[in-house]
Amino acid sequence: MRKIYRSASFALTMAICIALGGFVGEASAGALERIQNGKIKIGYRDDAAPYSYKNAIGEAAGYSVDLCRAVVAQLKTQLELSEISITYVPVTSNTRFKAVQNGQVDLLCGAATATLARRDLVDFSIPIFIDGAAVLTMADGPKNFSSLKGHKIGVLEATTTEILLRNIVKKTDLESEIVTVTNHTDGRAKLEDGEISAYFSDRALLVHLAAQSSQAKSLHVGTRYFSHEPYALALKRGDNDFRLAVDRALSRIYRSDNISAIFDNAFNGAKPSDILKAMYLVSALPE
């Protein structure tokens with residue numbers, strides 16, 4: 001009886017170890033290994049137009065999303081797959097990096113600034129865009145940033161622009177109250193309703209936000225840049241093979257005419273800045 005018990009106990013222990021080993025192996029598998037099965041999960045913001053948003057028919061859209069689709073097409077060629085189906089996973093400014101960390105998404109395609117602090121959490125691809133923080137005001141409101149002394153300034157929570165704004169207010173005599181919002185549309189609404197005197201965000205986002213407003217003619221986007229924000233695609237930390245594949249895909253896209261079409265589609269015929277052209281050129285790494 002004791003031998004039978006020991007045998008059963010050993011068998012049970014082995015079964016548990018095998019099961020756990022399989023689970024750990026699956027959880028720790030790199031993204032490329034999962035993509036070999038013909039599936040990829042893309043994280044996107046629904047409130048970060050023109051980079052990442054949900055369009056009128058409820059689909060993921062925007063510059064970063066289109067660029068990620070082009071990356072997936074390149075991955076399909078690299079991996080010699082007949083098809084890769086994309087699952088679009090909505091994230092917020094608060095949840096986006098956690099979604100990458102826990103494997104909820106393979107590739108984060110939004111308006112994420114690559115910083116050294118964030119590289120403690122996730123890895124980043126080569127740059128995909130360069131923007132900078134600016135200010136949105138009402139046309140009859142404060143004319144410059146120094147005029148915002150004592151006023152309320154809105155900013156999207158959990159972003160590099162929030163950190164930047166808090167540092168500016170702290171280091172100057174603005175004495176402004178910072179009002180955080182959960183999405184850009186809410187920030188614009190608070191500005192139009194007079195709850196805040198300015199809204200602080202990346203300039204391309206502000207331009208698009210103002211253009212989509214019913215009060216577009218009453219809004220003013222400042223021309224002064226308060227920072228330079230290098231955007232990149234985020235992926236799980238330590239997955240070097242996947243990051244190399246993504247960087248290879250981006251480099252090939254930058255060397256082709258595809259990047260011009262992706263830019264034109266997102267920015268309605270606007271011309272890329274000289275610094276963005278230089279970024280494309282420098283980031284088009286040779287094979």
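**Cavity and pocket**

Modeller: Please keep in mind that this is a predicted model. A search of the whole structure turns up one cavity of 30 Å³ or more.

Colleague: What volume does the largest cavity have?

Modeller: The volume of the largest cavity comes to about 130 Å³.

Colleague: And which residues lie nearest its centre?

Modeller: Nearest the centre of the largest cavity are Ala111, Thr159, Thr161, Asp202 and Leu205, which belong to a lining of 14 residues. The elements that contribute two or more residues to this lining are α5 (160-171) and β11 (198-202).

Colleague: What is the lining of the largest cavity like by class?

Modeller: Sorted by class, the lining of the largest cavity holds four nonpolar, six polar and four charged residues.

Colleague: Switching to pockets, how much space lies in the largest pocket?

Modeller: The largest pocket holds about 460 Å³ of space. It is lined by 23 residues, and those closest to its centre are Phe129, Arg203, Ala204, Val207 and Phe267.

Colleague: Which element gives the most to the lining of the largest pocket?

Modeller: That is α7, which gives five residues to the lining of the largest pocket. The elements that each supply at least two residues there are β7 (123-131), α7 (203-211), α9 (258-267) and α10 (274-283).

Colleague: How many nonpolar, polar and charged residues are in that pocket lining?

Modeller: In the lining of the largest pocket, 14 residues are nonpolar, six are polar and three are charged.

Definitions and conventions. Residues are numbered from 1 along each chain as its sequence is written. This is a predicted model: local features need pLDDT of at least 70, side-chain atom pairs count only at pLDDT 80 or more; totals for chains, interfaces and linings use all residues. Side-chain values use heavy atoms; hydrogens and water are left out. On a 1 Å grid over the protein atoms alone, a cavity is a set of points where a 1.4 Å probe fits but cannot get out, and a pocket is an open set with protein on both sides within 12 Å along at least five of seven lines; lining residues have an atom within 4 Å of a point. Grid points are joined across faces, edges and corners, and a volume is the space filled by probe spheres set on the points. Helices (H or I, at least four residues) and strands (E, at least two) are DSSP runs, numbered from the N terminus. Ala, Val, Leu, Ile, Met, Phe, Trp, Tyr, Cys and Pro count as nonpolar, Asp, Glu, Lys and Arg as charged, and the others, Gly among them, as polar.
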